[in-house]
Amino acid sequence: MNKFKIFSVALMATAAGAYAQDISQAKKAIDAEQFEKAKTVLQSIIKAKPTDGEAPFILGNVYLSQQVADSAKIYYLNSVAASSRANLGYIGLGQLDLDNKNTTAAQANFASAIKPMKRKDVEEFVYIGRAYMNSVNPDYKSAITTLNRALAIDPQNAQVLLALGDAYYGDNNQNEAYKSYRNAFQADPTLLRAKMQLGVLLKGAKSYDEAIKAFNEVIALDANYGPVYRELAETYYKWARNKPSTREVNYKKAITNYEKYLTLTDYSIHSRMRHADFLILVEDYKALEKEANEMIKLDKVNPRIFRYLGYAAYENGNVDVAIKSLEDYVKNPSNKIIAKDYLYLGFAKIKKGTSADGASIDPAAFEAGLVEIRKAVAMEPLAVQDLGDLGKALFGKKLYKEAAALFEFGTKVPESATYLDDNVYYGLSIFYDNNKANVKPDPIALQKADAAFVNVLTASPTYQEAYLYRARTNRLLENDEVMTKNYEDYVAKTTEKGDEELAKPAVKTKFIEAYNNIAASYANTDKAKAIEYFNKTLALDPTNAYATQSLNTLK
């Protein structure tokens, strides 16, 4: 009988050890971002030990990280219904409450999770802290408060320190984040994510060289730690964006490291979607189209694939596929539509109506495209920053009316990084559209152009070309007073730049234009002024026919 008892206890110890090992294996897979492997391990644990609440809770977290909230909730409820560690499931339900902006319900669920904790337990605090951070409505200060409770219990717990570092980083407290990550790695030198996060801090500070060195130190410790290659990829991408001269080289390095990351994680549909999102960032649309078609083989119904196909097809010149894919995506109300979806759909519809040589656009197709662009800007006003390339392309093809329609969006968003450029091009587009032979100037449109140039000069008073074009615009409006004032300001601001600027042939031509138009405005009201300005023209160009003939008339 005693032997049987001993044997039973031994079996129980062995089973408990195997369970702990399996849970540890799942956690390592999650840290390595091998989520499909983690799912497999956790599902096998649940099957072997359905009465324990830890595995379904962790599995719920995996699904929630992949934005599959329905599946996550099922596993959280399974965790709550378990006979052991059921309190963990309440943490998952609490994060769902946070996602739904129900803070009161979330706090009640967290209280249920904390209630059965023993005096030295800290794991629940770590999970609650991460729930605050990982919510779609993150609350980093509450995470810090919760994690400090754990730190008070176990000051050398590496997972507590790592989570605290993430919370401080999210709260923009770089110094405390650095200390926490450093202390976490010192507490557990096998915790590569803590060391990797030191590089993430450098990346965030735009110290790209130093960040890459830090990531390479992680690789030296374990060349198969996948997440570090993702961080390297993102660092090279950000470096390329912040220093355009490095763009081609660093984009290639970004793509290479992201592909390495994929080989060390998994090729699931979720991994491929993350890859697709990255390919959009680095503008590798041929690879994106290939990836989208590979995803269709894995999942023929996942709606996000239509987004990727739409973006890639547009960039690769397949406008019919782009329109079909994006229309299929945005018409489904259950999809999470973003402004870029409508932008691409609008661009594709405009492209569909553009002639092969790019010199004309079918008005109906252009208006159909504008309808989608309006939706994008209504959803996210800063989407105007993505309109400039198409607007400038239309401007270059002398499609001034269409270019103006695009740039007008940006003139209404002062906080946009392209606000100044948009006002310049908007004003220029209207001016050139109205400054054509056999075209009767549109005073309402020209007044909008004038307002745009005023916006430019308010933001940048030294930008002399805006004075010139404001003068030209008011010449078309037959507003001599404003025209004269702005020609005079153009001459004054340009003269301030010195002899080198005045020596440019183009500047000389513009001065002659200014003097002749100012003189003409004075011809009927102040002959002396008119003669003065025509003489200024002749000082620059003694053979100028208009000035010579006008002076003869005035005399």
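Helix α7, residues 123-134, and helix α9, residues 158-170, have axes that come within 10 Å and cross at roughly 20°. The model in which this is seen is a predicted one. Angles under 35 degrees count as roughly parallel, and α7 and α9 are therefore roughly parallel to each other. Their crossing is left-handed. On the side of α7, the contact is made by V126, R130 and M133. On the side of α9, the residues are Q159, V160, L162, A163, D166 and A167. Sorted by class, this contact of α7 with α9 holds six nonpolar residues, one polar residue and two charged residues.

Helix α9 also packs against helix α10, which spans residues 174-187. Here the axes are 8 Å apart and the angle is about 160°. Angles over 145 degrees count as roughly antiparallel, so α9 is roughly antiparallel to α10. The crossing of α9 with α10 is left-handed. From α9, the residues that meet α10 are A158, L161, L162, L164, G165, D166, Y168 and Y169. They meet Q174, E176, A177, S180, Y181, N183, A184 and A187 of α10. By class, the contact of α9 with α10 has 10 nonpolar, four polar and two charged residues. L162 and D166 of α9 take part in the contact with α7, and both are also listed in the contact with α10.

The next topic is the loops. Most residues other than glycine have a negative phi. Q67 has a positive phi, near 65°, and is not a glycine. Q67 sits in the loop between α3 (54-65) and α4 (69-80). Is Q67 buried or exposed? With a relative accessibility of 58%, Q67 counts as exposed, because the cut-off for exposed is over 50%.

K101 is another non-glycine residue with a positive phi, in this case near 60°. The loop that holds K101 runs between α5 (87-99) and α6 (103-114). K101 has a relative accessible area of 67% and is therefore exposed.

S245 is also a loop residue, placed between α13 (227-242) and α14 (247-264). The relative accessible area of S245 is 67%, so S245 is exposed. Along the chain, S245 and D386 are 141 residues apart, and their C-alpha atoms are separated by 21 Å.

V319 belongs to a helix, α18, which covers residues 319-330. Buried means a relative accessible area under 20%; the value for V319 is 15%, so V319 is buried. Which residues does V319 contact, leaving aside its neighbours within four places in sequence? They are A313, A348, K351 and K352. V319 and L554 are 235 residues apart in sequence, and the distance between them in space is 61 Å, C-alpha to C-alpha.

A last point concerns the confidence of the prediction. The mean pLDDT of the protein is 92. Of its residues, 96% reach a pLDDT of 70 or more. Over residues 9-17, however, the pLDDT is below 50. That stretch has zero contacts in the model beyond near neighbours in sequence.

Definitions and conventions:
Residues are numbered from 1 along each chain as its sequence is written. This is a predicted model: local features need pLDDT of at least 70, side-chain atom pairs count only at pLDDT 80 or more; totals for chains, interfaces and linings use all residues. Side-chain values use heavy atoms; hydrogens and water are left out. Axes are lines fitted to C-alpha atoms, for helices over the stretch in contact, and angles run from 0 to 180 degrees between N-to-C directions. Helices (H or I, at least four residues) and strands (E, at least two) are DSSP runs, numbered from the N terminus. Angles under 35 degrees count as roughly parallel, over 145 as roughly antiparallel, 65 to 115 as roughly perpendicular and the rest as oblique. A crossing is left-handed if the near helix is turned anticlockwise from the far one by less than a right angle, and right-handed if clockwise. Contact means heavy atoms within 4.5 Å. Ala, Val, Leu, Ile, Met, Phe, Trp, Tyr, Cys and Pro count as nonpolar, Asp, Glu, Lys and Arg as charged, and the others, Gly among them, as polar. pLDDT is the predictor's confidence in each residue, from 0 to 100. Buried means under 20% relative accessible area, exposed over 50%, partly exposed in between (1.4 Å probe, protein chains only).
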